[in-house]
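I want to look up a few things here and jot down what I find.

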Amino acid sequence: MVASYPLASKWRLSDNSWLLRFSLPSDRKYLGNDETLPTCISVHHNSTLFDDENKQSPLLKKSYSPVSHPATIGSFDLLVKSYAPQPGGGVGAAICDLMPGQLLVGKLKAERMVHDSPIISKRWDRIGLVAGGTGVAPLVQIIRICLDDPLDNTKIYLLSINRHEEDILMRDELDRLAKEHPDQLFVNYSLTGGNVRKDWGGLKGGGSVDMTRQALPPPSAIDGQESTMIFVCGTDGFRDMWAGPVARAPPKADGSKGAKIQGPLLGVLSEAGYDASDVFKY
């Protein structure tokens with residue numbers, strides 16, 4: 001069901017990225033139906049832009065995963081990047097331009113099935129998270145779910161890859177969580193742009209087999225005793241380089257897109273020895 005969520009507050013994180021907090025309708029305690037599972041919302045936006053043929057863009061939809069814990073009462077936080085509006089796009093810019101009190105319109109998406117189950121907490125011994133830019137958003141929610149459960153001892157390894165150091169999103173929060181959970185959360189940053197400061201203590205590059213060995217847990221098959229799941233989230237090109245493209249099932253009867261299919265494991269993770277059962281392309 002489509003609902004409206006008023007903007008309560010917003011904070012600028014970078015030149016073109018914002019953290020925005022939205023209030024829930026009075027009849028909802030949590031955004032999702034299960035406060036232990038990751039959530040995702042499809043934001044609806046009626047564009048006022050026109051294409052080259054002077055036709056107005058149709059209703060636009062874009063999915064966002066909150067960076068807040070799904071058990072947060074009464075609100076949820078979105079990390080949103082604002083791109084220059086253009087026909088067929090502009091949802092991020094529209095969200096970032098909202099002022100407190102204005103409404104976000106969207107629909108809660110179905111629970112995401114990760115290899116046949118939506119459950120995250122206590123499911124694997126080790127979780128690796130590979131984030132490209134704002135792809136860190138849904139992975140932050142996974143981190144919060146695991147760390148918030150006192151019975152969850154999962155080791156979590158985050159690799160956040162960005163062009164420049166100032167592009168690293170949620171860095172202060174991630175560093176805080178890693179400091180509070182030094183035996184459970186391990187965070188690495190890698191930069192792909194030039195002019196990296198000489199005393200940069202992180203990694204460099206967009207992805208390689210060596211990088212997986214430095215920043216991610218080993219494949220499940222390495223020791224045969226501990227299980228590993230690697231989540232990859234970023235642009236299509238980023239995901240393809242790390243794990244290969246996502247396919248789609250045939251269109252549904254109503255003409256809408258078919259469900260996403262993980263497809264074969266390719267790219268850096270395949271070269272590093274991971275199995276398709278060890279990887280989920282977010």
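Predicted model: local features only at pLDDT ≥ 70, side-chain atom pairs only at ≥ 80, totals over all residues.

Which residues in helix 6 (residues 236-243) are buried? I found Phe-238, Arg-239, Trp-242 and Ala-243. Buried here means under 20% relative accessible area, exposed means over 50%, and partly exposed is in between (1.4 Å probe, protein chains only). Helices (H or I, at least four residues) and strands (E, at least two) are DSSP runs, numbered from the N terminus.

Residues are numbered from 1 along each chain as its sequence is written, and side-chain values use heavy atoms, with hydrogens and water left out.

**Helix 6, continued.** I looked down the axis of helix 6: its buried residues fall within an arc of 95 degrees, so they line one face of the helix. (The arc is that of the directions from the helix axis to the C-beta atoms.) An α-helix has 3.6 residues a turn, so residues three or four places apart point the same way. Next I checked what covers the buried residues of helix 6, and the list includes strand 7 (126-132), helix 4 (209-215) and strand 11 (228-233). Contact means heavy atoms within 4.5 Å. Just after helix 6, I noted that Gly-244 has a positive phi of about 95 degrees.

**Helix 3.** In helix 3 (residues 171-180), I have Leu-174, Leu-177 and Ala-178 down as buried. Their arc is 100 degrees, so these buried residues line one face of helix 3. The face turned away from that buried side carries exposed Asp-172 and Lys-179. Among the cover of the buried residues I found helix 2 (136-148), strand 8 and strand 9 (185-191).

**Ser-75.** This residue lies in strand 5 (residues 75-81). Is Ser-75 buried or exposed? Its relative accessibility is 14%, so Ser-75 counts as buried. Leaving aside residues up to four places away in sequence, Ser-75 touches Arg-21, Phe-22, Ser-23 and Leu-24.

**The whole chain.** I counted seven helices and 14 strands. The radius of gyration is 19 Å, close to the 19 Å that the globule rule gives for 282 residues, so the chain is as compact as a globular protein of that length. (That radius is taken over C-alpha atoms; the rule is 2.2 Å times the number of residues to the power 0.38.) Of the 282 residues, 46% count as buried.
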